[in-house]
There are 2 protein chains.
Amino acid sequence: MPQKKEIQDKLKKANAETGDKIKVESKNVKREGFLMPHHQFSDEDIITIKLDNGYNIGLKVDKDTKITLLDKHKKKVNKPKEIPFDKNKKNVSLIGTGGTIACYVDYRTGAVHPASSAKELAFSVPEVFDVCNVKAQVAYQILSENIDIKHWQILSKKIADELNNGAVGVIVPHGTDTMGYTGAALSFMIKDLSGPVVLVGSQRSSDRPSSDAALNLIAAANIASKSDIGEIVVTMHSDISDTKIMIHRGTKVRKFHTSRRDAFKTVNDLPLGFVENNKIELNSKYRKKTKGKVRVDSKMEPDVSMIYYYPGMKAEDIPEKKGVVIIGTGLGHVSEKLIPRIKKLVDKGTIIVMTSQCFFGRVDMSVYSTGRDLIKAGIIPCLDMLPETAYVKLMWALGHSSNRDEVKKIMNTNIAGEISDRTKSKAFL
Amino acid sequence: MPQKKEIQDKLKKANAETGDKIKVESKNVKREGFLMPHHQFSDEDIITIKLDNGYNIGLKVDKDTKITLLDKHKKKVNKPKEIPFDKNKKNVSLIGTGGTIACYVDYRTGAVHPASSAKELAFSVPEVFDVCNVKAQVAYQILSENIDIKHWQILSKKIADELNNGAVGVIVPHGTDTMGYTGAALSFMIKDLSGPVVLVGSQRSSDRPSSDAALNLIAAANIASKSDIGEIVVTMHSDISDTKIMIHRGTKVRKFHTSRRDAFKTVNDLPLGFVENNKIELNSKYRKKTKGKVRVDSKMEPDVSMIYYYPGMKAEDIPEKKGVVIIGTGLGHVSEKLIPRIKKLVDKGTIIVMTSQCFFGRVDMSVYSTGRDLIKAGIIPCLDMLPETAYVKLMWALGHSSNRDEVKKIMNTNIAGEISDRTKSKAFL
């Protein structure tokens, strides 16, 4: 909702405009920061300031709140002259794809719009310049729910090009809706990584109080420029404390909350590590970057569906495609009524694989008769793979072979950390 | 795998047979309990005993382990004479449906088979007799992945009959695969509950070490006989400590792990309460039982599908049915390419509703353009409802009306606790 007139008057009286450094003093709180534009989703009695750590907070303003102007337009980030370059810092490439995180706040008008140029993208969170040098480009500008195979193929090529041309790491700001899918897709498509590739999103755009954009991007910059990871990772808030950013493996992560900043969780494994106060802590299990040339192998078969089983599903609800991922119940089940349909499709050449709508834990189709019958019908169990990862992997596998035994072998081989051993799949919420 | 010969010899030497009370003494452990049959999934060096609290544990046996016979066949639960009756105890009905929990261990042969008679069902966990009187019946005997609308209709009628004929509560042992769906279905189908209806499952059958069957059933018996809840609830382990059993609302719970005993979690709310040491703790928000007659209103439209969105989904992947539940990304999105198909189906009369594959949090289709366009196309957002609950509710709503406005009104009305307010939907893992 719009900001209260009384607050607007207070700001006017202090001669404080958007972008100015101000001090806000209330009974219990005293904070300094850059005045941010008022957001339509913010309450009417709030002003938003950006703290020195790059984080936006909303402060309640009442009649006793004092606002003081400290510095006029010091942070004119909307009129950047040039992206800074520091020869003592590492060179990281930033590849924009769209999404909430790549939204650019116009400090004059308060309007939020997607970063459409490389410069706008780079300046969407200028705090990153403190960590590394940034070479920015916009690959495409879409809401992430619109992402498709061709976007992954474009992106994988661009990432490889950047790494093969001197970047020590790559940051990919990405919409959170399908960031898990993209994490998995890039993990299968890009081989022999010579540096970290960090997907990073935000749940709240950078003009909103409690935006997570800056902190997530700063963590991404740290990982991309300073770590020796040779994997596709996803970095988002670990919890709501706004200090700790989790590093998730691209094949083992999904979004579990529609709006919380800590929505992303690693499934069936421990996260690869975390970033706190610009320090990276990693466990020992990640794949290290290599020295050779980064390769791209991005062929995918698009004729694949993913089916979420529910009681009452009918035979015709399982389509005839080159590949089908079933998200079954429990250890990997569907109604026994569907088994003849599955057998028929398998016999006609459809590769059907099984995952679980539990998400956590392992598919095990040897325990109950339904599982055993499904195996007999020709279903391939996907161990502890996420359904989303299994879907992406099946498209990739079918892009490389249409031979059943070969596809089965690919699905059961751990290519990018998507399959964990039994101990790890005990990891739970 | 089969039990080691050395262990079998040790047991033979001690004259200990399945069902006998024994003492097992190793270097660090000394336990007493009833010897259970060896399970094919147990390790070869394990013996399983049932403790006095009804819980099965597996004990490692090495060459120094001492086994002593304490009592011969005291617990001959496989040859029950009569189900005990104590006039000082409350009368609870037990309605069997199949599933791991209703498996009956033959103490002579060690075989596990589904309880097929009322008596076998009642004696599948005889510890329940300590809590209440039990009147048992077997409604059907299926693996829960095979459950369908007609099973919910049969069950709802039987539950109402029992409550209307003197039972203070009803226990429904149920397979865990679809227990969440059944919880939701019964919640919409049964009205004016005069007592608690407790769905209870187990992740490991009662012949296995660390079976959760007994503890879950004892908790269910406590809730059914002693609480004033007038809702359908699900009770399963709260964690892996084997002391605390969580009480989940039937419309707000789903299975999040393929094998862990604490697989069930309440989503977008706090659980209704828990049972610990035979004591029930409830928070204040549950619906209390009423005094009148329990009614059944179980009409459902079966022509409904549930679709899990994934990048690359094609228009034809959304079927033409009376109702479709979409499990979209994030706040409730699908690719903009699908919007014309959705609009066309809506115009032809399909009711399409939106939920989120995040599971936690709230669908909000006003934040991004995709959401707003989907609303314009005629999609009905399902607030913070679970996809599984929305699926069951849409079948129920369409069973009562085919008028779009009426169905929309039903979907947006909180009938059985399936919709929470915004505060509650902040509850997360």
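Please keep in mind that the model is predicted. Chain B superposes on chain A by a rotation of 180 degrees with 0.0 Å of shift along the axis, which is the relation of a two-fold axis. Chain A itself has an assignment of domain 1 (5-71), domain 2 (91-296) and domain 3 (304-412).

**How the two chains meet**

- Between the chains, 46 residues of chain B are in contact with 46 residues of chain A.
- On the side of chain B that touches chain A, strand β20 (residues 304-308) of chain B gives the most, with 3 residues.
- Sorted by class, that side of chain B holds 22 nonpolar, 15 polar and 9 charged residues.
- Of the interface residues of chain B, 100% are also interface residues in chain A, so the copies meet through the same surface.

**The symmetry between the copies**

**Domains 2 and 3 of chain A**

- The C-alpha centres of domain 2 and domain 3 of chain A are 31 Å apart.
- Where these domains touch, 11 residues of domain 2 of chain A are in contact with 10 residues of domain 3 of chain A.
- Helix α4 (residues 179-189) of chain A gives the most to the domain 2 side of this contact, with 5 residues.
- That side of domain 2 of chain A divides into 6 nonpolar, 3 polar and 2 charged residues.

**A sheet in chain A**

- To trace the open sheet of 8 strands in chain A, follow the order β9-β6-β10-β12-β13-β14-β17-β18, in which the pairing is mixed.
- At the edges stand β9 (133-138) and β18 (279-282) of chain A, each with a single partner strand, so one side of each has no neighbour in the sheet.
- From one strand to the next, the twist averages 25 degrees.
- Strands β6 (residues 91-96) and β10 (residues 169-173) of chain A run parallel and are joined by 3 bridges.
- For one pairing to look up, Val92(A) has Gly169(A) in β10(A) as its bridge partner.
- Helix α4(A) packs on the sheet, where it touches β12 (197-200) and β13 (232-237) of chain A.
- The direction of α4(A) makes about 160 degrees with that of β13(A).

Note on methods:
Residues are numbered from 1 along each chain as its sequence is written. Chains are lettered from A and ligands numbered from 1 in the order in which they are written. This is a predicted model: local features need pLDDT of at least 70, side-chain atom pairs count only at pLDDT 80 or more; totals for chains, interfaces and linings use all residues. Two residues are in contact if their C-beta atoms, placed from the backbone, lie within 7 Å. Helices (H or I, at least four residues) and strands (E, at least two) are DSSP runs, numbered from the N terminus. Ala, Val, Leu, Ile, Met, Phe, Trp, Tyr, Cys and Pro count as nonpolar, Asp, Glu, Lys and Arg as charged, and the others, Gly among them, as polar. Copies are superposed by least squares on the C-alpha atoms of residues with pLDDT of at least 70 in both. Domain bounds come from an automatic or database domain assignment. Two strands pair if DSSP finds at least two bridges between them. Axes are lines fitted to C-alpha atoms, for helices over the stretch in contact, and angles run from 0 to 180 degrees between N-to-C directions.
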